[in-house]
Every structure is written in structure tokens, then in C-alpha cells.
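Work through the exercises below with the sequence and the model side by side. Try each task before you read its solution.

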Amino acid sequence: MRIATIHDIFRSSVLGMPEADPVIGHWFYNRFLQILRPLRIEVERVSILANGEPSLLEDLAARHGWPRDKGGWAHVFSHPEVVGLIMPTLDRLRTFDLVLGFEMPPNLIRALHAYGQRLVDISIDPIRFCEDLFLRMRSNDSVLQARLAEQSAPSEQIAAGAAELKARIQPLPAQPEAIVFAGQVPDDSSLIAGSHIQSAVPFADRLNEIAAGREILLKPHPYAPGNPDLAMLHRALPKSRFTRDNIYALMAAPWLGAVVTLSSSVATEAAYFDKPAIRLIKPDVEFIEPGVIGPFQRIDGRAASAPFWGDLLDQAVQMPSRASPLPPLRHMFGANWGLPRPMTAIAPLPLSRGETTTNIQPYCLFGWSGTEPDGVWSDGVLAVLQLPACADGLASTLVLTLNAFAPDVGHRQELTISSPPVGLIEKILLATAEIRELRIPLPPAPVGSMLEISIGMDTATSPKELGIGPDERRLGIKLRRMAIA
């Protein structure tokens, strides 16, 4: 048997996306080469790159007028009219007995199915709160699909994982009923619906309707803490605020009324926390027309074992006499996908009056980059700080030592500083990159409460946009020190 491995081969910088081929393609091939070795199966990685160059994709884009941006990728990803155009690029795959794909685009599935090519599509399952991850798998071959369904993890296994998690979650403090909007990574393929990458901003009115007067908690994705979608929602929704609490702790809170998202996996997980979930879009990857491919089946860690694939493919397995135990699927992906520890975010320590700190990151709630030796850059048009009120409950002044990203006289930063209790505090123009102090008055607040300070920076821009470096972060200010006076 000959098996080809493939991924989203059109997710390329030609269409405004990062090059996935050298990273995802090699990773997926190497993983399954190792898994399938005991089956004595020939495994080959297939790419449409020629000598490492995307010349074929460039030619297709030029010939058919595909935009050279992320919109072009979304169009090729799922628009039905593209299927026939990409089929000639897949001729080589017709020589294999089976194609294994990781996060295959709908059009790749449609094209291979039209060729009569057997395939198995594999991705990470939405359930991520259990001790280990699951994979979700589907096939266009009726025999393989039936065998996958027989191996599907029972719902009782998921319910048991949810019960174990809820039993050890540290409860969040009581508050009035609220809903949570779960953010996502901006370029995730699950955001493609109708062959376009969807934004949350057009759904602001719908969110207000769902909230029905309740507070809206905006929860950034851990890998996209400054998602501009959430910044725009925050501006459009007066009764919204950002939260750093763990998403599972939020879903376990009795006061949480609903989970809302564009298409995040938490919409699937919410049911196991007895919370209603509302998905605002239907991702194209999950809604391929009937008869092309079967529904996803949830498969546990056995999916990384040779015996599982031997049974699935009806192939003999020659395992060594002392086989090593299977590593968790979390290790397979090299990241703690959804690993629910700690249960709640560690709250920043209060600053005493007169105290100064350079440990900025614990106070960075939204829109900040990683810590650097001399401070933390803002990243995006909105950056939010959160800090405990002073222990004496009196009014105070927050002193920020910072500098603007102002690489030349033509680029300056306009800051709009506000805080929920008092609204707009002031607007400041920073025309140079010199280090300076900003003094922000804070109102009296009850001991133990949290204060938020929002810094809007519509003039934030990236060194890459200015042509002065490869950094793609949209820089506004670098925060170096904080103090309370």
C-alpha cells in the first residue's frame, strides 16, 4: 500500500498566508511515517511546490485573478468554482492508494473525491479539556468511514472528563449574570464561511441582542491576545469588558448565562458544562455537501498507534516485542492545546502607594506583546491594563513610564486614555520616541476591586508596514515601568 500525506497546500504566502509547506507538511509526514512504519506501508509527502518555489500556485493566481491576500486563500479554500481549476495540480495524488490529509480544505476534498481518490481527513477535535486530546477523522470511503465510526470515543468518556475538571476548578467570584464571547486566532481556517474570512465586528448588534442587558465578557484566545476583532467589539459594546479568567472556569461559573463565538471549539465544549452555546457562523470546513465525505468521528489516543491503523486499513502490523507506550496526543502536537491548568488566571498583585514595578506583564489584560528586557510593547489599536485598587480605597494616580513608536517625524502616536468608571480621561499626542511619564488619575475604588485603563492607539503601525523591518506587530507604545502615587 502507498499512502500520501498532504495538508492545506494552498495556505501560502502567494495568497497572503504564512508558508505552511515547510513546517506543517514535514511535521505531518514525519508523524505518520513513524506511526505507520510497523505496517510496512510506503509513505510519501506530496507538495505542489517545485524546488521549494510556489510557481504553480503563482501561475494559477495570475491566470484566474485570485487576490494575493488572505481573501485569495479563503476563495481557493472553499469556493465551488475553484475545484475544477485546482484538480490538475493534484494529478500525482491519483497514483496512491490513500491520501492522509491534515486540516484538508473543502476544495481539496472535493477535487480528490471527484478523482475517485480515497482519503482520510484528520484534525484536532474540539474537545480539549480532557486528560488528553482527541483527533477528529472522516473519510470519503464508506468502508473506512464505517470503521472510524466504530472506533469513535463514547460521549460518556467526554462527560467523565468534564466532571473531573469541574470538580477541581477553583470557583470564580460571584457576580451578576453575564455572557462570554470567545475570541479566536484571526487567520484560523474555521473562520472561513461562504469562502470569506469572517470578522466578529458585523455581529456586534447580534451580541447585544443575545446579552439582553447582561455584561459581555470578551475572552481573547491564548495565541491571539490582541485580536483586533475584540478591540472593535469592545468599542461597539458599552457593556463589555475583557477577562483573563480560564475559559473552563468561566463555563463552570453558575452566573455565566451563555457562550457565544464565531466558530471556536468552546461552542462544542460548552454543552458538557451545561451552558447554551451560540455559533455565529457555519465554517465551510464542517459543511461539505452530502455524498462527498462522511461526518467527523472523535478518536482518542489510539489514533497515534500502528494497531489502530492496521485495523482501519486491514493491514498486518509487525510490532517490536517491547513496544514503547504511546505518548499523549498533546505531545504529538508540541503544545498544551486547551490544557486546563491553572484553572483561573493569577491575579496581579496590588501596587502600594509609592511602589514602582518593571514586571508589567501581569497587569497586561489585552493588546500587549511579550515581555522584552526593557518593557512591553502594545500590539494593536487598543491596549488594556488591569490592576487592583489601592488598599486604602482612595483616589490615586497611575504613573506610566513609556515611549512611543515614532521612528521618524512623519509617524506619531495619538493616545486616547479611558477607564470604565469615569469614561474618557484624556487624549495625548506623542510626536517623538523619547521616554516620558504619563500620569493617569484613578478614581476611589473599593478594596479588592479591579481597575481597568484602556489606551486607544488608532495610529499604531508595524515596522513591516513602514518598510523598516520584518516586525509585523502594530506598535504604539512601549511600557517600561508602572507606579502608584
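The exercises that follow concern a predicted model.

**Exercise 1. Cysteines**

Task: Find how many disulfides the whole structure holds, and explain the result for Cys 364.

Solution: 
- Step 1. Search the whole structure. The count of disulfides is zero.
- Step 2. Take Cys 364 and look for the closest cysteine sulfur. That sulfur belongs to Cys 390, 18 Å away.
- Step 3. Compare with the cut-off. A disulfide needs two cysteine sulfur atoms within 2.5 Å, so 18 Å is too far for a bond.
- Step 4. Check from the other side. Cys 390 is in no disulfide either, and its nearest cysteine sulfur is that of Cys 364.
- Step 5. Cys 364 has a relative accessible area of 10%, and Cys 390 has 7%. Buried means under 20%, so Cys 364 is buried and Cys 390 is buried.

**Exercise 2. Thr 261**

Task: Decide whether Thr 261 is buried or exposed, and list what its side chain reaches.

Solution: 
- Step 1. Locate the residue. Thr 261 lies in strand β11, which covers residues 256-261.
- Step 2. Read the accessibility. Thr 261 has 0% relative accessibility, so the residue counts as buried.
- Step 3. Look for side-chain partners. Thr 261 and Gln 184 are joined by a polar contact of 3.4 Å between their side chains.
- Step 4. Look at the backbone too. The side chain of Thr 261 reaches the backbone nitrogen of Ser 264 at 3.1 Å.
- Step 5. Set aside neighbours within four places in sequence. Thr 261 is then in contact with several residues, including Phe 181, Ala 182, Ala 267 and Ile 278.

**Exercise 3. Nonpolar cores**

Task: Which residues of the largest nonpolar core touch the most other members?

Solution: 
- Step 1. In soluble globular proteins, nonpolar side chains tend to be buried together.
- Step 2. Take the largest core, with its 36 residues. Leu 15, Trp 66, Leu 93 and Leu 112 touch the most other members.
- Step 3. Ask which elements give two or more residues to this core. They are β1 (2-6), α2 (55-64), α3 (70-78), α4 (83-86) and α5 (106-114).
- Step 4. Zoom in on Trp 66. Beyond four places in sequence, its contacts include Leu 15, Leu 57, His 75 and Ile 86.
- Step 5. Look elsewhere. A second, separate core has 32 residues, among them Leu 351, Cys 364, Leu 398 and Leu 451.

**Exercise 4. Aromatic rings**

Task: Describe the aromatic pair of Trp 27 and Phe 102, then that of Trp 377 and Phe 405.

Solution: 
- Step 1. Count first. The whole structure has 13 aromatic pairs.
- Step 2. Take Trp 27 and Phe 102.
- Step 3. Trp 27 is in helix α1 and Phe 102 in strand β3, 75 residues apart.
- Step 4. Trp 27 is partly exposed at 22%, whereas Phe 102 is buried at 8%.
- Step 5. Turn to Trp 377 and Phe 405. This pair is also edge-to-face, with 6.0 Å between centres and 90° between planes. Trp 377 belongs to strand β17, while Phe 405 sits in the loop between β19 and β20. Both residues are buried.
- Step 6. Widen the view. Ring pairs link Trp 27, Phe 28, Phe 32, Phe 102, Phe 308 and Trp 309 into a cluster.

Technical notes:
Residues numbered from 1 in each chain as written. Predicted model: local features only at pLDDT ≥ 70, side-chain atom pairs only at ≥ 80, totals over all residues. Heavy atoms only, no water. Buried < 20%, exposed > 50% of the residue type's maximum accessible area, 1.4 Å probe, protein only. Helix = DSSP H or I, 4+ residues; strand = E, 2+ residues; numbered from the N terminus. Polar contact = N/O pair within 3.5 Å; in protein donor to acceptor, adjacent residues only side chain to side chain. Contact = heavy atoms within 4.5 Å. Core = buried A, V, L, I, M, F, W, Y, C linked by side-chain atoms within 4.5 Å. Phe/Tyr/Trp six-rings, centres within 6.5 Å; stacked < 30°, edge-to-face > 60°.
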